Amino acid sequence: MAIYLDHAATSPLLPEVLDAMLPYLTEHHGNPSSIHASGRRARQALDEAREEIASAIGAKPREVVFTSGGSEADNLAVKGIAWAGSARGRHVITSSVEHKAVLNSCAMLARQGFEITYLRVDRSGGVDPADVAAAITDRTTLVSVMSASNEVGTVQPVAEIGAICRERKVPFHVDAVQSAAFGPPTPDAWQATAISLSAHKLGGPKGIGALYVRQGTAMLPQVHGGAQERQRRAGTENVAGAAGFATAVRLAHERPMSVAPQRDRLLEGLTALPGVHLTGDPVDRLPNSASVVIEGIEGGDLVAALDLEGIEASTGSACTTGSVDPSHVLLAMGIDEGLAHGSLRLTLGRETTEAEIDRTIAAVDACIGRLRASAPDMVATA
Amino acid sequence: MSGGVDSSVAAALLAQEGGDDEVIGVWMRTHGDLPEGYELSRSCCSPDAADDARRVAQLLKIPFFILNVEREFGARVIDAFVDSYLDGATPNPCQACNQYIKFDELLRRGLAAYGADAVATGHYARLEHRDGRWRLLRAADADKDQTYFLWVLDQEQLARTRFPLGSLTKPEVRAMAAELTLPTAHKPESQEICFVPLGDYRALLEERRGYAGDPGPIVDADGTRVGTHTGYAHYTVGQRHGLGVALGEAVYVREVQPATNTVVIGRREEIAQRTFSVHGARFTAGAPPSERFTASVRIRHRAPDVPAEVTMVGRDRLVVETDDPVWAPAPGQAAVLYAGDECLGGGRIARAEA
């Protein structure tokens, strides 16, 4: 059995979640919009799921919009709020370390004439709230900053940024996809207008997420069609997914994870190896996130090597077709491009054991030794 | 695994073999995505090809990884390709890819990252260990033989190389792929150079080296100007089309002179030569058989090879004298030497000394 240390990519489905979903994949097959009994049964499950999630984050059920996942929630928030506010202004502020779902939504807005401000970050990947205050103009209609980095785990000062946005009367979107497993997002404490969530990062199924949208927020839908989700997201609802999502949120609440000691043990072991450096904030980081850059290796090669040793890890960024570009997050943090190629992200889950951590450190040590030994001599051009 | 039928079947043969060997599929990403609008469905390096390779690996139940070699491929293959034209020579990108990417980068990084012992490819060539050394032999299917692109391999590389298709013919390989219902069974042969969309390398010269082409003279053997070319680097030795010269008989590019931006043409019989120099020579055995030896020489892929006398004139330089004239030995192209079925090595044809 492989050691799974890629919970930031996706987490294993909890058995209780599967149990909650199964009836809606089997006997309760109705469409929640149908008038008949089967439809009503499905509708009830959807309503209950929405209530459960709303209650976990201190929101009203009508403020929860189900989506296909975190990326769709980000797209809906960024483009939907920017477009709805475009009569007032066409300026959006975000950070240079956001998830691609936010950054590429902003890129789309830029192609349509919006001005985008990308906030710089410090060496740990943190945004300075003062920069947000300085960037806001009277034409700004949205600020979007994530609660914690999916790549390096750095936690952002979203409550402080939210207070600034509130004072300047600018809508504030928070991508909380990665942090939700460690504490429910808090719209009121963060003074957030919108918050993105994803089920599969906290033991729920893939294919469902949600956007919290504060009541009274102007937002244009991105998926057009029927009147589902209060006309904010068309399409027959993913009932089983919603039921599983709600269960996962409840369990995350009831059974908080305590993985930080294991994570600290892992980081201590990794950074003791020669040429291995921590990325992200040493203190203000997600409790399950260990991210490093390693001198003299390609992250992709190391991840493949670890896989063959039975350890499942990540370079930290999506690289489905093996793109060579180093992570935009690491570059934004001022990490040298050569070093950024050697990125490794290990993200723990509640089932991760101390023995697994120790085996992982030993395997990383062995693999990077092998990879470095194979590196060619510098410049041997003919 | 390129995503083509040959490497798919090579992987299948190894995977079926079983035994103690574990087979790992690797697709190499050699260059970034092409600009929107280009469709390189027949190329081995498009994202579609990665999809095909992955599907084959899934069916064979072997691990599959993507190895990014963009930087190395860009410098060693694409830039070298472009520089070859700018040097008035004819590039040999497939051989450069074998030399620097498949049997250097993949072998080196593959051994380290995957803990592999050897690299197997879908090339049509055979290997034999006899009398204390590895021999690179022509494929059983003479029509598909790819040793012309593999002469650069040395003993160390040959020892870590497997060519599972060496004794098979292409129709046999296709039949196996069909029998295994591999999704690549009926894929057409890739013909174009994988990083040159639509075969137009001129755009690449401009993009990589800012060479837009400067018109200059086309002259005949006597130096008489007979036409105008669009830039010397747009022409290669042996080329017939696109000269825009009407002399009442077929003429060919005989020489490309970068220093004077001149293209020299000649009639068919003027293009043939019996003697030419070869630089950067390497031998699969590690050394030439002797200072002077007979061999058969091949100067382009799928051309018949011809008997010749080979004389070493330096550590990695030699002179080839063929029994009969060979047509248009092009500077930059490989001259590959054989003794019977064995590929002895080769080198790059050098420009004729003035």
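Helices (H or I, at least four residues) and strands (E, at least two) are taken here as DSSP runs, numbered from the N terminus. The structure described is a predicted model. On this basis chain B comprises 8 helices and 16 strands, whereas in chain A there are 14 helices and 12 strands.

Chain A has a radius of gyration of 22 Å, close to the 21 Å that the globule rule gives for its 382 residues, and it is therefore as compact as a globular protein of that length.

Buried residues account for 44% of the 354 residues in chain B, and 64% of the contacts between residues at least 6 apart in sequence join residues at least 24 apart.

Within chain A, an open sheet is formed by 3 strands in the order 9-10-12, with antiparallel pairing. Strand 9 (276-278) and strand 12 (343-347) of chain A stand at the edges, and because each has a single partner strand, one side of each is left without a neighbour in the sheet. From one strand to the next, the twist of this sheet averages 30°. Strand 10 (residues 289-294) of chain A pairs with strand 12 of chain A in the antiparallel sense over 5 bridges; in strand 12 of chain A, A:T347 is the bridge partner of A:S289. Helix 10 (residues 260-271) of chain A packs on the sheet, where it touches strand 9, strand 10 and strand 12 of chain A, and the direction of this helix makes about 10° with that of strand 10 of chain A.

In chain B, a contact between two helices was examined. The axes of helix 3 (residues 70-86) and helix 7 (residues 202-209) of chain B come within 10 Å and cross at roughly 105°. Angles of 65 to 115 degrees count as roughly perpendicular, and helix 3 of chain B and helix 7 of chain B are therefore roughly perpendicular to each other. On the side of helix 3 of chain B, the contact is made by B:I78, B:D79, B:V82, B:Y85 and B:L86, which meet B:L204, B:L205, B:R208 and B:R209 in helix 7 of chain B. By class, this contact of helix 3 with helix 7 of chain B has 6 nonpolar and 3 charged residues, with no polar residues.

Between the two chains, 12 residues of chain A are in contact with 17 residues of chain B. On the side of chain A that touches chain B, the elements giving two or more residues are helix 11 (299-308) and helix 14 (354-374) of chain A. Helix 11 of chain A provides the largest share of that side, with 5 residues. The residues on the side of chain A that touches chain B divide into 6 nonpolar, 4 polar and 2 charged.

Key: Residues numbered from 1 in each chain as written. Chains lettered and ligands numbered in written order. Predicted model: local features only at pLDDT ≥ 70, side-chain atom pairs only at ≥ 80, totals over all residues. Axes fitted to C-alpha atoms, helices over the stretch in contact; angles between N-to-C directions. Parallel < 35°, antiparallel > 145°, perpendicular 65-115°, else oblique. Contact = placed C-beta atoms within 7 Å. Nonpolar A, V, L, I, M, F, W, Y, C, P; charged D, E, K, R; others polar. Rg over C-alpha atoms; globule rule 2.2 N^0.38 Å. Buried ≥ 20, exposed ≤ 12 C-beta atoms within 10 Å, placed from the backbone. Pairing = 2+ DSSP bridges.
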